[in-house]
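I opened the notebook to look at how two parts of one chain meet. My entries follow the order in which I looked things up.

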Amino acid sequence: MSAQAYHLAGEFYELVARRQAASSGPPLQAALAGTDPAAGPVLEIGAGTGAVTEVIARTLPDTGIVATEPAHTMRAVLTARVAADERLRERVLVTDEDAAALTVRLETAPPGAGFCAAVLFGVVGHLDRPDRIRLWRALQRVLPVGAPVAVELMGVARPRHIPPVRLLREQIGDQVYEWWSAGEPAGPAAMRFDTTWRVLAGTRVVREVAESYLWHTLSVSDLVAETGWSGEPRSGPDGTEIAVLHPVPSS
Ligand SMILES: C[S@@+](CC[C@H](N)C(=O)[O-])C[C@H]1O[C@@H](n2cnc3c(N)ncnc32)[C@H](O)[C@@H]1O
């Protein structure tokens, strides 16, 4: 399961999550503006360490959030973040569900157990097409027509060769933390990403943690076609783009 790829990285992920939330937060805030909280909480799928959960909470201060996260190290940071902040603690419910388990729950949710919006940042490419389609159908059951479904697609609409590149370098204490990533096409609509976290003391590598995962590449228009919903791209001030979909009435 793809969440496995994050069990080790969870130790370091907060370093990159804060930066990503700063880029993708503004378009998310714009997508969620005007959401009607009467329909229920926001559903965040694959919430990671909770950096985006905080953005949602700031944007919709009167709304609950259900934050699902299957990787236990990521979830540990998420839970610690929620527990440490009284305003999050009273509004955020954390679950360990992956998308498949969540889909089953939504498929059998009683009437009225709905959500006002859904947020999937850096997650949908971990699901293959049949699993995504089942998830979209399940979400359609529990979201009002027109509700925002905000999706972050990791900037890879089509498979391409990405040579190893250092995406982050930060100092903590006397050590430097580096995050490296490389990607290769793995079929007509998928990529294999290899990521490495490296901890250095001076020039000496103290620790190295490598993980790989498959990412199904998708564009905003692919998502619109796949869901049958309306949708549009939305960009932040630094050009970071997310997809904002809106369920249409069931036919
Ligand atoms: C790139 S991280 C993004 C985390 C967070 N959404 C953010 O933007 O900071 C991807 C997250 O998706 C989760 N994930 C991977 N496969 C998943 C699945 N099948 N169902 C739900 N979540 C999954 C991972 O555990 C990880 O936390």
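How far apart do the C-alpha centres of domain 1 and domain 2 lie? I get 24 Å for that separation. I keep in mind that this is a predicted model.

**Entry: the division.** I looked up the domain bounds next. Domain 1 covers 2–155 + 218–246, and domain 2 covers 162–216. I then listed who takes part in the contact. Domain 1 gives 25 residues, and domain 2 gives 17 residues.

**Entry: the area.** I wanted a size for the interface. The accessible area lost when the parts come together is often used for this. Here I find about 1,700 Å² buried between domain 1 and domain 2. Carbon and sulfur atoms give 65% of that area. I asked which residues of domain 1 lose the most area to domain 2. They are Phe 12, Leu 15 and Gly 125. Together these three account for 35% of what the domain 1 side buries.

Entry: I counted 2 salt bridges between domain 1 and domain 2. I also looked up the salt bridge that joins Arg 18 and Glu 170. Its closest N and O atoms are 3.8 Å apart, inside the 4 Å cut-off.

**Entry: the domain 1 side.** I checked which elements give two or more residues to the side touching domain 2. They are helix H1 (5–9) and helix H2 (14–32). By residue class, I record 14 nonpolar, 6 polar and 5 charged on that side of domain 1.

Notes
Residues are numbered from 1 along each chain as its sequence is written. This is a predicted model: local features need pLDDT of at least 70, side-chain atom pairs count only at pLDDT 80 or more; totals for chains, interfaces and linings use all residues. Side-chain values use heavy atoms; hydrogens and water are left out. Domain bounds come from an automatic or database domain assignment. Contact means heavy atoms within 4.5 Å. Buried area is the accessible area (1.4 Å probe) that two parts lose on being put together, summed over both. A salt bridge is a side-chain nitrogen of Lys or Arg within 4 Å of a carboxyl oxygen of Asp or Glu. Helices (H or I, at least four residues) and strands (E, at least two) are DSSP runs, numbered from the N terminus. Ala, Val, Leu, Ile, Met, Phe, Trp, Tyr, Cys and Pro count as nonpolar, Asp, Glu, Lys and Arg as charged, and the others, Gly among them, as polar.
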